[in-house]
Amino acid sequence: MTRSRVVLAALLVSVAGLMTAAQPPAPPAPEPPAYDPKAGNWRWVPPDPKLGGPGGWVWEPGAPAAAQPAPANQPVGGVLAVGASDGGGPRVRVFRELKEPPAADFFAYERDFRGGARVAVADINGDGVPDIITAPGRGMGPLVRVFDGRDMSRILEFNGADPAWDGGVHVAACDVTPDGRALVAVAPDVGGGPTVKVFDLAQGKEVASFLAFPESLRGGVRLAWGDVDGDGVPDLLAAPGPSDHPPVVRAFSGKDWKQLAEYAAFDPRWRGGVWLAAAPGGAGNRSQIVVGMDAGGPPLVRVIDPASGKAVREWMAFPEAFRGGVRVAVRDVDGDGVADVVCASGPGLRGSPVRVFNGKTRRPMAELAGIPDFEGGTFAGAR
């Protein structure tokens, strides 16, 4: 482990008490166990579509504990995290292999909360295992949480915006960078202004705050990290939610947070909002920009070359008549060195399906039920 990663790990421990306990035990016999908020335990969730699922045993992690030796033979590699959308419980399901059951299934916040959970994935503590970052939707304060990718124990939490804001926030996370930074960006959802905040978890503080769009807009801001200029430093990408603003993606330098470029995502007349992600490994080491049209428009997905600003690929992720929107993420599922595109459906489809498309051919590679028996849609994060 590099010195910067050692420092980061130590700081995370000091902030919240890093916990690397063993994997959750197998679900117990039918009798519900007593839930220990400190140690965590399995909870029985009754069938309820509003909770984002058909019911069953769900592991709920306990509060952070003191640092302990990391267990051996822990899983490494990429993951896909899916969180229930607004109207559902804050249920998060984590998939390592898309054709297998989820490796983790838990509530990121109190299970009775109905704002859902937005998700991002990044190796925050530098141990080589992707961690899960969550943010709540409408109905509670902007409490961002980080869960250890080894056992889903909570590493830390912090307010990503004004604690009085309860309209929901969006989150995007960046791996530990060569200079020791683990970056998390947070912005309000619909109803909030276009203020973006960036937190350096290695330093344990906010390092940037700026307006991504005109101050008067109240459609919220969607976020992603990607190196669009090929300088080796992750840049922050921002797109507007539903508002009176053209559907553009703005790139802000990861060095000084100044605007680098602006890219047209869709027809300039579209005002319904844009979802976005960034796919590494493009020409000149530039990250390509992946955009999905929000609710009200067709389920259109486009891949934009940052050098030319033009769309190089596009397709319909779901039936053309679907109007629930497409939330996007990226992950190299087949290991061919090209990022594949993860498309999570907005509200309106049973099971809130998540589809994965080949990054080269655009052909479907896999489909899974993001949150079974839930039609409210999902958010996806991947690495």
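This is a dialogue on reading several features of a predicted model.

Colleague: What conventions apply to this model?

Modeller: It is a predicted model in which local features need pLDDT of at least 70 and side-chain atom pairs count only at pLDDT 80 or more, while totals for chains, interfaces and linings use all residues. Residues are numbered from 1 along each chain as its sequence is written, and side-chain values use heavy atoms, with hydrogens and water left out.

Colleague: How many helices and strands does the secondary structure of the protein chain come to?

Modeller: Helices (H or I, at least four residues) and strands (E, at least two) are DSSP runs, numbered from the N terminus. The protein chain has 1 helix and 26 strands.

Colleague: What percentage of the residues is buried?

Modeller: Buried means under 20% relative accessible area, exposed over 50%, and partly exposed in between (1.4 Å probe, protein chains only). Of the 383 residues in the protein chain, 56% are buried. As for contacts (heavy atoms within 4.5 Å), 53% of those with a separation of 6 or more are between residues 24 or more positions apart.

Colleague: What is the volume of the largest pocket?

Modeller: Rolling a probe the size of a water molecule over the atoms shows where empty space is left. Here a 1 Å grid over the protein atoms alone is used, and a pocket is an open set of points where a 1.4 Å probe fits, with protein on both sides within 12 Å along at least five of seven lines. Grid points are joined across faces, edges and corners, and a volume is the space filled by probe spheres set on the points. The largest pocket comes to about 970 Å³.

Colleague: Which residues of its lining lie nearest the centre of the largest pocket?

Modeller: Lining residues have an atom within 4 Å of a point. There are 44 of them, and Val121, Ala173, Trp225, Ala278 and Ala382 lie nearest the centre. The elements giving two or more residues to this lining are strands S6 (117-122), S10 (169-174), S14 (221-226), S18 (274-279), S22 (326-331) and S26 (378-382). By residue class, the lining has 26 nonpolar, 10 polar and 8 charged residues.

Colleague: Which residues have the most contacts inside the largest nonpolar core?

Modeller: In soluble globular proteins, nonpolar side chains tend to be buried together. A nonpolar core is a set of buried Ala, Val, Leu, Ile, Met, Phe, Trp, Tyr and Cys residues joined through side-chain atoms within 4.5 Å. The largest one has 33 residues, with Ile132, Val290, Val301 and Cys343 having the most contacts inside it. Strands that each supply at least two residues of this core include S6, S18 and S22. Leaving out residues up to four places away in sequence, Cys343 touches Val301, Phe318 and Val328, among others.

Colleague: Is Val274 buried or exposed?

Modeller: Val274, in strand S18, is buried because its relative accessibility is 0%. Its C-alpha atom is separated by 6.0 Å from that of Gly292, 18 residues apart along the chain. Beyond four places in sequence, the contacts of Val274 include Arg222, Phe266 and Asp294.

Colleague: How many salt bridges are there in the whole structure?

Modeller: Side chains of opposite charge can pair when their charged atoms come close. A salt bridge is a side-chain nitrogen of Lys or Arg within 4 Å of a carboxyl oxygen of Asp or Glu. The search finds 18. One of them joins Asp86 and Arg118 at 3.0 Å, N to O. That pair links parts of the chain 32 residues apart, with Asp86 in the loop between strands S3 (80-84) and S4 and Arg118 in strand S6. Asp86 is partly exposed at 33%, whereas Arg118 is buried at 3%. Asp86, Arg118 and Asp189 are linked in a network of salt bridges.

Colleague: Where is Arg362 found?

Modeller: Arg362 is in the loop between strands S24 (353-357) and S25 (364-369). Arg362 has a positive phi of about 70° although it is not a glycine, and is partly exposed at 39%. Asp373, in the loop between S25 and S26, has a positive phi of about 60° and is not a glycine either.

Conventions:
Ala, Val, Leu, Ile, Met, Phe, Trp, Tyr, Cys and Pro count as nonpolar, Asp, Glu, Lys and Arg as charged, and the others, Gly among them, as polar.
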